[in-house]
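Please read it with the structure open.

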Amino acid sequence: DDDHYIQQAVVFIEDAIQYRSINHRVDDRSLRLYRWYYSKLCQWCLGLTIAVVLLLAFVERPSSLSFSSDPRLRATHLNPVCGVTESVELLCLIIFCLDLAVKSYLIGWEEFKKNKWLISYMVVISVSFIDWMLSVSMVCDERLRVRRLIRPFFLLQNSSLMKKTLKCIKRTLPEIASVILLLALHLCLFTMIGMLLFAKTEDPEKNEEWSLHFRNLPMALTSLLVLLTTANNPDVMMPAYSLNRIYAVFFVLFSVIGTYCLMNLLTAIIYNQFRGYLLMSVQTSIIRRRLGIRAAFQVLTSHEDRQAAEQQVCVEAVLKVMTRVKMKSYYRAAIGTEIQQYADVGYMDREQFNKIFDELDKDRIKEHPPVPQYNSPVLQRLQEIFSHYYLTIFGNIVALANVLCIGTVLVLNAEKSIAEKDNVIMQVNTQHTLLIYQFMTLKLIYFQWLLLFLSKSNDGLLKSVMILPGKFVSRFKSNKIIDKMDPTSNNVISLWDMVSFINMLIVFRFLRIIPNIKLMALVAGTLLDLVKNLRAFAGILVVVYYVYAVLGIWLFEGVIKPPPEMLFPSNQTTENKTSNFSIECGTYEQLGYWPNNFDDFAAAIILLYDVMIVNNWQAFLDAYSRYTTGWSKIYFVCWWLTSSVMWVNLFIALILE
């Protein structure tokens with residue numbers, strides 16, 4: 001019985017450490033299964049399974065396994081044999097079934113019925129199995145695979161941070177929808193005004209604006225929508241502006257109201273709704289931690305004498321629990337130190353029990369290795385010299401000078417072939433810098449030998465090792481030892497250029513000045529914190545990209561086909577190719593956007609990224625509306641609203657928060 005209570009307390013404290021819910025079974029068998037499920041190995045295998053099932057999209061038909069996505073090159077895609085990817089996917093689905101079964105058993109049937117995520121998990125797995133069986137029965141010849149569209153759900157349901165972020169986005173959507181509706185009204189109003197202003201006239205010379213941008217309602221809407229993103233400014237107004245400068249007022253008013261007022265209003269509204277998201281997320285996590293600690297205290301007191309143990313727990317029991325809890329060693333040491341304060345008394349109350357676990361909320365302070373003590377006066381003096389702050393500044397200056405020298409040589413040799421390059425300056429710089437760094441290796445006197453490579457301050461030895469190949473290469477070059485390797489060989493990169501590139505890595509040494517500049521250190525720290533908090537946002541962005549890429553392949557795979565006269569074998573390049581195919585300036589074809597298509601998953605991801613940037617995205621709108629129908633614009637506008645409007649504004653809100 002005592003061991004059972006100890007095991008319960010261990011699990012509750014581990015729940016508190018990982019911010020997990022304590023709503024699960026607590027019998028012996030379930031606790032063993034629970035700890036196994038949340039072990040590093042099991043969670044790593046589950047994460048690997050999710051990664052594998054998502055990455056299958058790059059290998060499945062249409063495969064992304066080719067050097068280029070340009071349809072003019074007739075590149076051969078390495079499509080796997082039917083059954084290869086399906087076997088891997090079946091294994092992943094079986095693992096997801098086991099995951100669902102374990103989760104459902106641990107929380108119980110009553111909690112399972114309340115958990116919408118687990119119910120959705122079961123539905124997604126069932127649909128995936130049905131679609132998999134259909135795919136196998138059709139010998140992998142089906143065009144639509146529904147399970148590809150719902151695969152990102154496996155990533156979402158496995159992350160509590162993503163679930164919280166989705167909940168926040170759901171709360172923000174009504175306000176976003178109201179502003180987008182206002183933008184739509186603004187766009188429609190100016191579209192009608194524009195069609196009246198630039199109507200077709202009897203004079204053909206005055207119809208250029210009409211023919212290019214306001215010929216019909218869809219064209220006018222598209223032109224002004226693209227202007228809202230400033231991608232076609234000032235091209236869209238130039239024909240009218242060249243006739244009469246007063247027409248510029250129309251376009252300026254549209255941009256000021258739409259781009260500068262409504263779009264920034266959207267940012268403000270999203271931030272207003274998003275404000276407090278991080279605070280609420282932290283509060284929820286802290287509440288879970290406090291509940292776990294309180295539950296551990298409760299079970300430890302439940303098997304003691306009721307009268308004496310209502311508000312106290314035995315120190316010996318707490319120590320026994322801490323020996324079993326899986327946690328980082330420095331937290332274990334800190335909590336152990338706090339527990340020893342109550343060893344003489346033998347008991348601790350609830351407040352004292354909670355206080356010892358406050359160590360979990362503290363950040364670890366990383367300390368430098370201890371400074372060794374020397375008896376020799378000479379070594380003591382050297383230790384004092386090479387630990388001086390000015391020597392660190394000198395090392396930074398040398399690193400910067402080395403990088404500047406290498407950069408100067410690269411600029412001077414930019415237009416020269418490998419055989420024409422003069423590397424004398426580089427050799428001199430390498431040899432002199434090497435001497436300086438070898439001199440700075442004496443800083444190791446300041447540190448213990450065994451901790452030399454663990455220290456951040458052993459610049460000299462590390463940089464000497466990095467720059468040493470350059471010295472040997474320069475010496476070998478002067479002796480004509482490696483002439484056959486450099487510079488007239490047909491290698492992708494010459495040996496000397498490779499060494500120069502390695503030496504350029506010394507620039508990272510100069511990043512050590514950041515902690516010494518207070519404002520720069522503040523900005524750098526903010527960026528690091530931002531990266532930590534961006535994991536959930538990045539995960540959801542991956543999901544959105546994945547879904548839109550699959551939809552794009554369904555809708556537009558193979559629709560853009562270059563004319564036969566532009567096709568040529570994959571072993572030739574597109575340079576110096578002539579064709580009778582007439583192309584209009586500024587179009588998809590004239591700009592050479594052929595590799596941006598939906599013919600495979602990787603190409604679809606890049607195309608979606610290009611549209612998210614919104615630079616020249618009107619070329620994609622125009623091309624796919626010509627090769628398919630005008631309704632294709634809805635897909636690209638929805639992606640623009642999702643990625644560039646909503647997601648970028650959410651990202652700004654996160655930075656402000």
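1. Overall make-up. The chain has 28 helices and 2 strands. Please keep in mind that this is a predicted model. The chain is 657 residues long, and 42% of them count as buried. Take the contacts between residues at least 6 apart in sequence: 73% of these join residues at least 24 apart.

2. The disulfide. How many disulfides does the structure hold? The count is 1. Its partners are Cys82 and Cys140, with an S to S distance of 1.9 Å. That falls within the 2.5 Å cut-off for a disulfide. The link between Cys82 and Cys140 is right-handed, with 65° about the S-S bond.

3. Cys82 sits in the loop between α3 (40–55) and α4 (84–107). Cys140 sits in the loop between α6 (116–137) and α7 (146–150). The pair therefore links parts that are 58 residues apart in sequence.

4. Exposure of the two partners. Is Cys140 buried or exposed? Its relative accessibility is 7%, so Cys140 counts as buried. Cys82 has a relative accessibility of 32%, so Cys82 counts as partly exposed. The cut-off behind these calls is that buried means under 20%.

5. Other cysteines. Cys42 takes part in no disulfide. The nearest cysteine sulfur to Cys42 belongs to Cys45 and is 6.7 Å away. Cys42 is buried, because its relative accessible area is 15%. Cys261 is partly exposed, because its relative accessibility is 43%.

6. Geometry of α4 and α6. Two packed helices are described by the angle between their axes and the distance between the axes. Here, the axes of α4 and α6 come within 10 Å. They cross at roughly 155°. Angles over 145 degrees count as roughly antiparallel, and α4 and α6 are therefore roughly antiparallel to each other. The crossing of α4 with α6 is left-handed.

7. The contact of α4 with α6. Which residues of α4 meet α6? Among them are Leu90, Leu93, Ile94, Phe96, Cys97, Leu100 and Ile107. Glu86, Glu89, Asp99 and Lys103 of α4 also take part. On the α6 side, the residues include Leu118, Tyr121, Met122, Ile125, Phe129, Trp132 and Val136. Ser128 and Ser135 of α6 belong to the contact too. By class, the contact has 14 nonpolar, 2 polar and 4 charged residues.

8. Cis peptide bonds. Most residues other than glycine have a negative phi, and most peptide bonds are trans. The bond from Arg61 to Pro62 is cis, with omega near -5°. Pro62 lies in the loop between α3 and α4. The bond joining Asn233 and Pro234 is also cis, with omega about 0°. Pro234 is in the loop between α11 (217–228) and α12 (238–243).

9. Positive phi. What is phi of Cys140? The value is near 60°, which is positive in a residue other than glycine. Cys140 is in the loop between α6 and α7, and is joined to Cys82 by the disulfide. Thr230 has a positive phi as well, near 65°. Thr230 lies in the loop between α11 and α12. With a relative accessible area of 41%, Thr230 is partly exposed.

Terms used:
Residues numbered from 1 in each chain as written. Predicted model: local features only at pLDDT ≥ 70, side-chain atom pairs only at ≥ 80, totals over all residues. Heavy atoms only, no water. Helix = DSSP H or I, 4+ residues; strand = E, 2+ residues; numbered from the N terminus. Buried < 20%, exposed > 50% of the residue type's maximum accessible area, 1.4 Å probe, protein only. Axes fitted to C-alpha atoms, helices over the stretch in contact; angles between N-to-C directions. Parallel < 35°, antiparallel > 145°, perpendicular 65-115°, else oblique. Left-handed = near helix turned anticlockwise from the far one by under 90°. Contact = heavy atoms within 4.5 Å. Nonpolar A, V, L, I, M, F, W, Y, C, P; charged D, E, K, R; others polar.
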